[in-house]
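Here is a friendly briefing to read with the model open beside you. Please take a moment to look it over before going through the notes by topic.

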Amino acid sequence: MFLSANDIETGSKLEADIVIVGAGAAGITIARQFANTPKSVLVLESGADHLDEPTQALYQGSLTGIQAGPPLDASRLRFFGGTTNHWTGWCRPLEPSDFEHRPDWPESGWPISRSDLDPWYREAAEICDLGPVNFDDPAFWRRMPGGNRISALPLDRRRFKTAIFRVSARPRFAEAYRPELQSARNVHVVENANVMEFLPGPGHAAGQARKHVGRAKVRTLSGKTFTASGKVFIVAAGGIETARLLLLSQAMHPNGAGNEHDLVGRYFMDHVWLNANCYLHFSRPNVDLPFYFEQMEIADAPVFGKVASTRELCLKEQIGGFGLWLTPSGGSVAGIESAHALSESLAHGRLPDHFLTHLGNMLADIDVLADATYKTVFHTNKGWLSANKAAPVTGAWIDLNFEQRPSLTSRVQLSAERDALGQRRVAVNWDLGETDRRTATRALELAAQEFGRIGLGRCRIDLDLANGWPSNLISSCHHSGTARMSDNPATGVVDRDCRVHSADNLYVAGSAVFPTAGYANPTFTIVALALRLADHLKKVIA
Amino acid sequence: MIELGRRSLFGLLASSIGVAFARWRNGQTFDAQTIVDALLERFRSHDLAAVGGVVARESAAADPDSLAVKLMHDLGCDPGAGGPQIARALANRIRGDFAEGRVINIAGWRLSETEANLAVLAAHRYGDLG
């Protein structure tokens, strides 16, 4: 059942067994697990069923670190369905090794293993409507109807692998699951409901070591205020907003709920995306690698591969995991190279040498530039130019995305600015360190060596980090790590069950709990973790 | 660093090596200097020579004769080796260069050392050492 918080009288006291804050991939998944059960569920969603500017503006904040990617009120969507409303649907689990501690990264290691999560990954595949799945074996897909064009690159298995992504046929959780929640009698989704903070239950003052959330304080943009109480509370508000809400809950603890060890908001991570800093010129014309170049429609859903690092390589090089995206290129590359040169120079406040030549190159290759821009904006390998078979493929632009090493200094904090509800906004200091610089540079070098070794072609690398990160660095908007999972309260905000260490009924769902983020897109793991949390809660509140 | 003619460099390298391979595969036998000539005869390009010039200036291996001998030594070929043997050795050597990180950065392009040495020979052959 859906209702608007604007229709709830001020001073009301809502009650449910389970209170979920946020209706994105995680929140909707958990709510569905309890639909049509004896447990009452209350989902508090800030937005309604469509994007509303005043509500979306609540996401505004400042970027104080790396200035990359869209602003904070564009990288996330604040209405029912959350960020799945613009999710590309790319699914791949984290690697088994992503869960393991690596000796060169003391802050790494999940308290659970990949095999612990595998049962819920399988269930997540059904929820995301992936159909047949295999994430590591191109031969599996080659045997499928429509897969006969697949040929896997003969990569050195100790160093590289073909990482396979399946694309969800049902990425819009709002469209897919709204009717189900609408009809569930025990589930109430309250839209336009902004949770302001968590308040401790009776007898659980801020000074106590072990706390208990009693109520969530809710407010609407129209000025209505009410509270919601429950047996358990789940924050499922994304990697940034989850930290914000915990930090705002200072009645739970002066530093914020769960923040006894100053960890909430720290270890903020994203997947770094470097767009076209490497050009691979093929050794022969018209190389056709459809599995790497495009999304192939197999068994009613798209699937594609990218070249990714192995853990062995990452440990040897002491770098993060990474993936390489090949975008086939036909014709001239001069325009794109000139665009890079121009962009870099302008970012440093000067015109480049040979400015007019660069400008001429860009104008001459305007179609190629438009194609590349389209692919970058929409994160797709399919542009209109690459689909044009008349343009012979002579090479490929390589995009690099990689795992950020978790760092204390990369963090989400509350700023002094306030939103329309009077809440402090966030200041996000996305901070990349020396390991990340090494990952970026070594990943492209290693790729050039591997593509040379297998005779695919030769690479030209245009990445110079001497003066900082290049202007074409993009945030993947995969915000994570701000309420990291650990068995030790001194090193993590939540435990292996995603429960906040210092509160007996407060849980976090979503990528905020990731201690490390690998290189794979996070939503598939978010759904799997949400399913696991739901199963845990079924036992807890049985 | 010199900016190369980006569209021609690899076409030239690939075509030159391809031409040499084709001749070797036809069973012809060359001495070291003949190999150099065979490799270079079809790409009389100032672009490639310029590349080689960059490498030559930046490396100690500036003497073309010793470089040719070194190349043959690296390939593990006798001076009288037949074409197919040299072709295989050259391909293996280049593959090994990349596998073991023997890679040279020339104006952004990552070439194997062997490829770069071929370019140096080209530079000497065409007198374009800058």
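How much accessible surface does chain B have, and what share of that surface belongs to carbon and sulfur atoms? The accessible surface of chain B comes to about 5,800 Å², with 50% of that belonging to carbon and sulfur atoms. Please keep in mind throughout that this is a predicted model. The notes below take chain B, then chain A, and then some local features of chain A.

**Chain B at a glance**

- Six helices and two strands make up the secondary structure elements of chain B.
- Chain B has 130 residues, and 48% of them count as buried.
- Among contacts in chain B with a separation of 6 or more, 67% are between residues 24 or more positions apart.

**Chain A at a glance**

- Chain A contains 13 helices and 20 strands.
- Of the 542 residues in chain A, 62% are buried.
- For contacts in chain A between residues at least 6 apart in sequence, 75% join residues at least 24 apart.
- The accessible surface of chain A is about 20,000 Å², and carbon and sulfur atoms account for 51% of that area.

**Helix α1 of chain A**

- Helix α1 of chain A spans residues 25–34 and is mostly covered, with ten of its ten residues buried.
- After α1(A) comes A:Asn36, which has a positive phi near 60 degrees.

- Strand β16 (residues 411–418) and strand β17 (residues 424–429) of chain A pair in the antiparallel sense, over five bridges.
- If you want a residue pair to look at, A:Leu414 has A:Val426 in β17(A) as its bridge partner.
- The two strands β16(A) and β17(A) form a hairpin, with five residues between them.
- In the turn of that hairpin, A:Gly422 has a positive phi of about 85 degrees.

- A:Ala276 counts as buried, because its relative accessibility of 10% falls under the 20% cut-off.
- A:Tyr279 is also found in strand β11 (residues 272–282) of chain A.
- Is A:Tyr279 buried or exposed? A:Tyr279 is buried, since its relative accessible area is 5% and the limit is 20%.
- The C-alpha atoms of A:Tyr279 and A:Cys91 are separated by 26 Å, and the two residues are 188 residues apart along the chain.
- A:Tyr267 sits in the loop between α6 (238–248) and β11 of chain A.
- A:Tyr267 is a residue other than glycine with a positive phi, near 60 degrees, and at 11% relative accessibility A:Tyr267 counts as buried.

**A:His188 in strand β7 of chain A**

- A:His188 belongs to strand β7 (residues 187–191) of chain A.
- With a relative accessible area of 29%, A:His188 is partly exposed, because this value lies between the cut-offs of 20% and 50%.
- Beyond its neighbours within four places in sequence, A:His188 is in contact with A:Met1, A:Leu3, A:Val41, A:Leu42 and A:Val43.
- The C-alpha atoms of A:His188 and A:Val19 are 9.7 Å apart, while 169 residues separate the two positions along the chain.

**Cavities**

- How many cavities of 30 Å³ or more are counted? The count comes to four.
- The largest cavity has a volume of about 90 Å³.
- The lining of the largest cavity consists of 13 residues, and those nearest its centre are A:Leu63, A:Ala68, A:Leu72, A:Ser475 and A:His479.
- By class, the lining of the largest cavity holds eight nonpolar residues, four polar and one charged.

Key. Residues are numbered from 1 along each chain as its sequence is written. Chains are lettered from A and ligands numbered from 1 in the order in which they are written. This is a predicted model: local features need pLDDT of at least 70, side-chain atom pairs count only at pLDDT 80 or more; totals for chains, interfaces and linings use all residues. Side-chain values use heavy atoms; hydrogens and water are left out. On a 1 Å grid over the protein atoms alone, a cavity is a set of points where a 1.4 Å probe fits but cannot get out, and a pocket is an open set with protein on both sides within 12 Å along at least five of seven lines; lining residues have an atom within 4 Å of a point. Grid points are joined across faces, edges and corners, and a volume is the space filled by probe spheres set on the points. Ala, Val, Leu, Ile, Met, Phe, Trp, Tyr, Cys and Pro count as nonpolar, Asp, Glu, Lys and Arg as charged, and the others, Gly among them, as polar. Helices (H or I, at least four residues) and strands (E, at least two) are DSSP runs, numbered from the N terminus. Buried means under 20% relative accessible area, exposed over 50%, partly exposed in between (1.4 Å probe, protein chains only). Contact means heavy atoms within 4.5 Å. Two strands pair if DSSP finds at least two bridges between them. Accessible areas come from the Shrake-Rupley method with a 1.4 Å probe; for residues, only the protein chains shown count as cover.
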